[in-house]
Amino acid sequence: MSKRRKKKSQEDAHVDESWLLPYADILTLLLALFIVLFASSSVDAQKFQKLSQVFNGIFSSGVGVMDYSKPQPVDQFRTGAIEEKNQENAKKENESVEQSAEQKLKKLKLQDHEELEKVQAKINTYIGKNNLSGKFATSLTDEGLLLTIRDNVLFESGKANISEKNMKTARELSELLVMDPPRNFIISGHTDNVPIRNSNFESNWELSVMRSLNFMKILLHNEKLNPRNFSVKGFGEYKPIASNSTEEGKAKNRRVEVLILPRVTSNPN
């Protein structure tokens with residue numbers, strides 16, 4: 001009996017104490033938990049920073065799981081100033097682009113106007129050389145270069161076909177319209193306000209259209225001219241340039257016009 005008691009007391013003296021390690025870990029975690037709860041009850045940046053340092057020391061992991069760096073406050077005034085500056089720079093850039101495009105357009109229009117002036121000078125030389133000053137006229141406007149031809153230069157009274165004696169003039173005019181690069185042309189017919197009285201035309205409108213159309217056909221006998229660049233209009237008596245109350249005014253209103261269009265009419269791409 002005494003041997004058994006002695007053996008039992010020896011076994012008790014050598015009980016395994018390995019359970020103390022996890023128990024200590026649990027106590028450490030509980031301590032950390034209470035620290036977190038305490039710190040969370042009052043939000044304070046300094047306390048939170050200290051808490052992070054405590055955890056780093058506890059777990060010795062180099063970078064704590066609650067490592068904290070205080071965010072820099074946003075300078076709203078500075079941010080607004082930067083945005084305003086960016087908007088100002090963008091506005092200046094847009095204005096610069098618009099000014100550049102406008103200057104480019106003005107330059108192109110000036111060059112185009114100078115080219116039309118040269119064409120006008122060439123036509124005026126032809127008019128003076130052939131003593132046609134009373135029957136031909138040119139004017140340079142924003143719409144282009146306008147060549148006005150009295151109707152008796154090309155047509156007989158009340159007729160829309162160009163007479164044989166005037167074919168030579170029409171062909172010579174076609175040479176004056178040859179340009180490189182080519183331009184667009186609008187040929188328009190006009191009459192006085194005297195009603196037409198023949199079997200060929202029911203109105204001055206029809207007469208004016210047919211005169212402009214037939215004149216265009218003669219011009220296009222010149223193979224140097226492209227039909228794509230031509231169009232015709234007829235206005236009858238509705239666009240007079242003089243009073244129809246006199247014979248002289250009526251004679252001015254009976255006319256065919258050739259409008260040589262400018263190349264630059266809008267903003268370039």
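Trainee: How many aromatic pairs turn up in a search of the whole structure?
Mentor: Two, where rings of Phe, Tyr and Trp (its six-membered ring) pair if their centres lie within 6.5 Å. This is a predicted model, in which local features need pLDDT of at least 70, side-chain atom pairs count only at pLDDT 80 or more, and totals for chains, interfaces and linings use all residues. Residues are numbered from 1 along each chain as its sequence is written, and side-chain values use heavy atoms, without hydrogens and water.
Trainee: Why is the pair of Phe185 and Phe230 stacked?
Mentor: Their ring planes are at 25 degrees, with centres 4.8 Å apart, so the pair is stacked (planes under 30 degrees apart; over 60 is edge-to-face, the rest tilted). Phe185 sits in strand β3 and Phe230 in strand β4, 45 residues apart (strands are DSSP runs of E, at least two residues, and helices of H or I, at least four, numbered from the N terminus).
Trainee: Buried or exposed, those two?
Mentor: Both Phe185 and Phe230 are buried (under 20% relative accessible area; exposed is over 50%, partly exposed in between, with a 1.4 Å probe and protein chains only).
Trainee: And what about Trp205 and Tyr238?
Mentor: That pair is tilted, 5.3 Å centre to centre, with 55 degrees between the planes. Trp205 belongs to helix α7 and Tyr238 to the loop between β4 and α8, so the pair ties together parts 33 residues apart in sequence. Trp205 is partly exposed at 47%, while Tyr238 is exposed at 53%.
Trainee: New topic: what is the strand order in the sheet?
Mentor: The open sheet runs β1-β2-β5-β3-β4, with mixed pairing (two strands pair if DSSP finds at least two bridges between them). β1 and β4 stand at the edges with a single partner strand each, so one side of each has no neighbour in the sheet.
Trainee: How many bridges join β3 to β4?
Mentor: Five, and the two strands run parallel.
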